[in-house]
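Here are my notes on this model. Please read them with the coordinates open.

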Amino acid sequence: MIQPTAKGKRIKFMMTCLCDAFYADVAQASYEVLEHLGCEIEVPAGQTCCGQPALNSGEWESARKVVRHTVKTFGGEEPVVIPSGSCAAMTRHGAILGFESEPDLDEVEGLARRSWELCEYIVQGLGIDSWPGRFDGKVALHRSCHTRGTKVYESAVTLLSSIEGLELVEVGELEQCCGFGGTFSVSFPYVSKKMGQLKVEHLTEKRPNYVASLDMACMLHFGGMMDRQGVKTPRLHVSQILKKALENR
Amino acid sequence: MNARDRILSKVRAATDPLPEKTALPDLDVVASIGSRTMPDAGDANAVCATFEEEWTKVGGILVNDESELIELLKSLDAGKGYADPALALESLKGAFEVDDIFDREQVDTYSFSITRATGAVGETGTIILTDGDTPNRLSALAPWIHVAVLSRENIEATLGAAIPTFGSDPSVVLVTGPSKTADIEGILIEGVHGPGVQICLLV
Amino acid sequence: MAKLEQAIDNHAANLDEETREAVRLASKAKTEKRVNALWTDFDDPNALRKLASQVRQHALDNLPDYLEQAEAAFQKNGVQVHWAEDGDQANAIVLDIMRRRGASKVVKSKSMVSEETELVPFLEKHGMEAVETDLGEYVVQIDGDHPSHIVTPIIHKNRRQVGRSFEREGLGEYTEDPLELTRMARRHLRQKYLDADVGMTGANFVVAESGRIVLVTNEGNARFSMAATKTHIAMVGIEKIIPREQDVPLFLSLLGRSATGQPLTVYTQFIGGPKSASQEEGPEEMHLIFLDNGRSDILASNCKEILRCIRCGACMNVCPVYRQTSGHAYRSVYPGPVGAVLSPLLNKAGFPDLADLPKASSLCGACQEVCPVDIPIPDLLLRLRNKGKQEHAPKTSINTPGLSFWALAATQPAAWKTGLKLGHAMNVVPHALLDVNPSAKSWRSTRELPPFRGGDFRSWLKAHEKKGGAS
Ligand code: SF4
C-alpha cells in the first residue's frame with residue numbers, strides 16, 4: 001500500500017460512485033468539512049468510479065480502462081481526498097496491481113501518492129488531531145477492511161475521540177469483515193449474510209446511539225441488513241459526525 | 001533427464017529470469033528476535049531462573065534433588081521404571097524397581113523413565129534430548145512419566161544459542177512440556193503418545 | 001449448459017448449525033490466542049512477519065541453489081535423497097523403499113504433502129498397512145473423511161462423533177469424554193508404532209545448510225514414528241527450504257504462536273540422518289523425498305509468494321468465510337485463504353475445476369494481516385480471478401454480473417451523468433449492486449437498498465458554488 005505524500009490545501013475531491021448514486025449527503029458533509037478546513041476544492045465533473053468493481057471481479061481489462069479514466073480526470077499535483085477507505089485503497093494499491101506490467105504504471109502510481117482518505121488527510125496530511133464542536137452520544141465505529149495497512153482507522157479514532165460529548169464504544173472482533181466485498185455479497189449470498197449478521201451484532205452490542213463507518217460500501221451492506229432486521233440505530237458516515245460537531249460550536 | 005534434473009531445471013527456469021532476488025537478512029538481525037521472556041545470556045542465574053519459570057508455565061514439573069524426585073514419583077504411584085545407567089541414581093534404586101536396559105517388548109510395564117537432557121533453553125522452557133545422550137529413544141518417550149536430568153550449566157538463554165550445541169547429532173528433540181492435543185473440540189488433553197508427566201531434575 | 005452452482009456458498013448454507021458454530025468458535029478462539037501470544041511476547045510482531053517473509057522469499061528466489069545445497073548436506077548426513085515430479089512418482093518411491101526393506105506396515109505422522117499425493121489409499125491399495133497417528137488424522141482415516149483444517153483436522157467433528165467412531169473400530173466402549181478418548185487412542189496407536197516397519201513424516205522446514213529437517217508436533221507422534229521403526233521416510237515439498245539453521249528460531253517462534261498460540265510447539269525435532277551407531281532404537285535408513293507436484297509452475301507464476309506459506313493455519317482461523325463454511329467446502333487438501341490460492345494451482349484436474357475458490361473471499365485482507373510470512377493473499381486471489389477471466393473458466397463468474405458495460409459508462413462521463421440524471425441507475429452504477437437478476441434479487445433477499453439519489457450531490461454543489469461556497 002503506497003502512503004500518500006502530496007500535501008497542501010488545494011485539493012481535488014473524489015466523491016465516489018456510491019455517494020454519486022446513493023449518498024449525496026455524505027459527499028456534501030465531506031465537502032463542507034473540507035471547506036471548513038479552508039481547502040480550495042475542485043470536484044472534477046468527469047469523475048465516475050475508481051474501477052474497483054471490475055478489478056475485484058477479475059475483469060482487469062475493464063478495470064484498467066476505468067483507472068485510466070480516473071487518472072486522467074484527477075490529473076495534477078494536488079492531494080486527492082476521498083471519503084472512503086476502500087476507494088483510497090483502490091487508487092493506492094489495487095490499481096497498481098492491475099497495472100504491474102503496463103507502460104503507464106508510473107501515472108497510476110502518481111495518483112496513488114496523492115490519494116488520501118478524508119480522516120487520514122485531516123490528521124496525517126494537515127496535522128490536525130482534534131476536532132472542534134460537540135456531538136452527543138455513544139458511537140460504534142466500524143473498522144472497514146480496506147483501511148488495513150494505513151493510518152485511516154486510527155486517524156478517525158483520533159478525530160472522533162477528541163469531539164466533546166462523543167464516546168467511542170468498543171466493537172468486538174474489529175478485524176472481521178462485514179461481508180460486503182462488492183460482488184461477493186451477491187455471488188456468495190449466504191456467507192455474506194452470516195458475516196453481516198455477526199457484524200450488526202458486534203456493532204450494536206454496546207447499545208451505541210450511532211453506528212459510524214469510514215466506508216459507505218460497508219454501510220450499504222450492513223445498513224441494509226439493519227433496515228431489514230428492523231435495527232433502528234441511526235447510521236452516519238464519519239464526515240457527517242464531523243460536520244454535525246461543527247454545527248454545535 | 002531424470003526427475004531430479006527436470007525439477008531443478010524447471011525451478012531454475014522460474015528463478016533465473018528474476019530481475020532482482022530478495023536479499024537474505026543478516027544473521028544478527030534474524031538472531032536478534034528475542035521475546036519478552038528472553039533472559040540475559042551473560043547472567044547464568046537469570047538464565048536458570050527463566051528456565052525454571054517457563055518450564056513450569058508449559059506444564060513441566062521441576063525437582064531439585066534425588067530425594068525430592070523419589071517423593072514425587074511415590075506421590076504419582078510410580079511402579080517399575082527405567083533409568084539410564086550412566087546416571088547412577090543409587091537411592092532411587094532403593095525406592096523403586098529400576099531397570100537399566102529398556103526392553104521394547106515390555107514397553108508398557110515401565111511407569112517412568114529417567115534419561116539425561118543434553119541441554120535446555122531458558123527463553124522457552126525447553127529441554128533438549130539427543131541421540132548421543134539418550135541410549136534408547138523409546139525409553140524417553142513411551143513411559144507415562146519421563147524425568148530428564150539436566151545440569152544447570154547446560155541451560156542456554158535462547159534456542160539460537162543452543163543450536164551450535166547440537167553438533168552432528170542426527171536426532172535432536174526439543175521438549176517443551178508434556179505431550180498434548182486439542183484435536184477434540186479444542187479441549188486440551190495431556191499425554192497423547194508421549195509422556196503425560198514431564199519432569200526435570202536440575203543438578 | 002446447466003447453471004453452475006456456487007458450491008462453497010451452498011456448502012455453507014447446508015452445514016448444520018452445530019458444526020458451523022463449533023468451527024466458528026474454535027477459529028475465533030485460536031485467533032485470539034495468536035494475538036495474545038504474539039503481542040504479549042513481542043513489541044512488534046509485524047517486524048517479525050516481515051523478516052520471516054524476507055527469509056522465505058530469499059529462499060524461493062534462490063531455490064535451485066538451496067535445493068542442491070540441501071541435497072548435498074543430507075547425503076553427507078547419510079540420508080538418501082529422492083525427487084518426485086508429482087504425487088504418483090512420490091507414492092511409487094515410498095512403495096519401492098518399503099518393498100526393498102521388506103516392510104508392510106507404516107505409521108504416519110501428519111503431513112499435508114502426503115494428503116496431496118493421497119499416499120495412504122495408495123499404500124493400502126498395494127497391500128500395505130498405513131496408519132495415521134495424529135489423533136485428528138486418525139479419526140479422519142477411520143471415518144473415511146478428509147481433514148477440514150491443516151492444523152486441527154477434525155475441527156468439524158464433536159466428541160460424540162469421535163466416541164461413536166472409536167466404539168465402531170473396537171477401541172473401547174462408547175464414551176464422550178475427550179480424556180478417555182485420547183487414552184483409547186494412546187493405547188491403540190502404541191501397538192501400531194511398535195509393530196510398524198516404517199515411520200513416515202513430512203517436514204515443517206528443511207534446513208539447506210545443515211541437511212536437517214525440522215518437525216513439530218504437540219502429541220509426540222512424529223517422535224514415536226522415528227523411535228519405534230527401522231526406516232524413516234520424509235516427504236517434503238521442494239519449497240520448504242530455510243537457508244540457515246539460525247533462521248529456524250524465528251520461524252518456530254512464529255509458527256507455534258500463529259498456529260496454536262504456543263511460544264514453541266511441545267516437540268520440535270531436528271532430524272538429520274539415520275540413528276547414531278550407539279542408539280538402541282530408531283531408523284537405520286532415512287529417506288527424503290523432494291516433491292514438486294506443481295510447485296515449480298507456481299514459482300514461475302505471478303502467485304509465487306504463496307510458496308512462502310509455513311502451514312500455520314492462522315489465515316483460515318481468522319477468515320470470516322472459512323468460519324462460516326468450514327474446510328470441506330474448499331474441496332481440496334488446503335482450505336481457507338491459503339487453499340483458495342494454492343489448491344487451484346496444485347489441482348491435478350486443472351485450474352478451472354477450482355476456479356471458484358479465489359472468489360470465495362470478500363477480499364477483506366484479514367489473512368494477510370495475520371500471515372507469519374506476510375503473503376499478500378488478497379492480491380493473489382485477485383490475480384487468480386483475473387486468470388479465471390482470461391482463461392474463460394466458468395467458475396470464475398458464477399452469479400457475478402459482467403462489468404464490461406458498466407466499465408464503458410464509467411469511462412464516459414457524459415454517459416455516466418446521463419445515467420445518473422435519468423435515474424437509469426441499473427445501467428450505470430455497478431451492476432453488481434443493481435442488476436435486475438440475479439444480483440438484485442440476491443441482494444434484496446437479506447438487505448434493503450437505500451433510495452437512489454443519483455446526481456444529487458452534483459446538483460447541490462452547483463447551487464452551493466453559485467451561492468459562493470461556504471456561508
Ligand atoms: S498462508 Fe500464511 S497464514 Fe495461511 S497457513 Fe500459510 S503461513 Fe499460515
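1. How many bridges join β1(A) to strand β3 of chain A, and do the two run parallel or antiparallel? Two bridges join β1(A) to β3 (residues 80-82), and the strands run parallel. Strands (E, at least two residues) and helices (H or I, at least four) are DSSP runs, numbered from the N terminus. Strands pair if DSSP finds at least two bridges between them.

2. A word on the basis. This is a predicted model: local features need pLDDT of at least 70, side-chain atom pairs count only at pLDDT 80 or more, and totals for chains, interfaces and linings use all residues. Residues are numbered from 1 along each chain as its sequence is written, chains are lettered from A and ligands numbered from 1 in the order in which they are written, and side-chain values use heavy atoms, with hydrogens and water left out.

3. The sheet in chain A is open and has four strands, in the order β2-β1-β3-β4, with parallel pairing. Its edge strands are β2 (40-42) and β4 (115-117), each pairing on one side only. From one strand to the next the twist averages 35 degrees (axes are lines fitted to C-alpha atoms; angles run from 0 to 180 degrees between N-to-C directions). A:Phe13 stands opposite A:Val81 in β3(A).

4. Over all chains there are 18 aromatic pairs (ring centres of Phe, Tyr or Trp, its six-membered ring, within 6.5 Å; planes under 30 degrees apart are stacked, over 60 edge-to-face, the rest tilted). A:Phe13 and C:Phe457 form an edge-to-face pair, at 6.0 Å centre to centre and 65 degrees between the planes. This pair crosses between chains, from strand β1 (residues 10-13) of chain A to helix α24 (residues 456-467) of chain C. A:Phe13 is buried, at 0% relative accessible area. C:Phe457 is also buried, at 0% (buried is under 20%, exposed over 50%, partly exposed in between; 1.4 Å probe, protein chains only). A:Phe13, A:Tyr31, C:Phe457 and C:Trp460 form one aromatic cluster.

5. Two lysines deserve a look. B:Lys80 lies over the face of B:Tyr110, 4.4 Å from the ring centre. C:Lys387 lies over the face of C:Phe351, at 4.8 Å. The test asks for NZ of Lys or CZ of Arg within 6 Å of the ring centre and within 35 degrees of the ring normal.

6. The residues around the ligand include C:Cys309, C:Arg311, C:Gly313 and C:Cys371 (near means a heavy atom within 4 Å). By class, the shell has ten nonpolar, one polar and one charged residues. Here Ala, Val, Leu, Ile, Met, Phe, Trp, Tyr, Cys and Pro count as nonpolar, Asp, Glu, Lys and Arg as charged, and the others, Gly among them, as polar.
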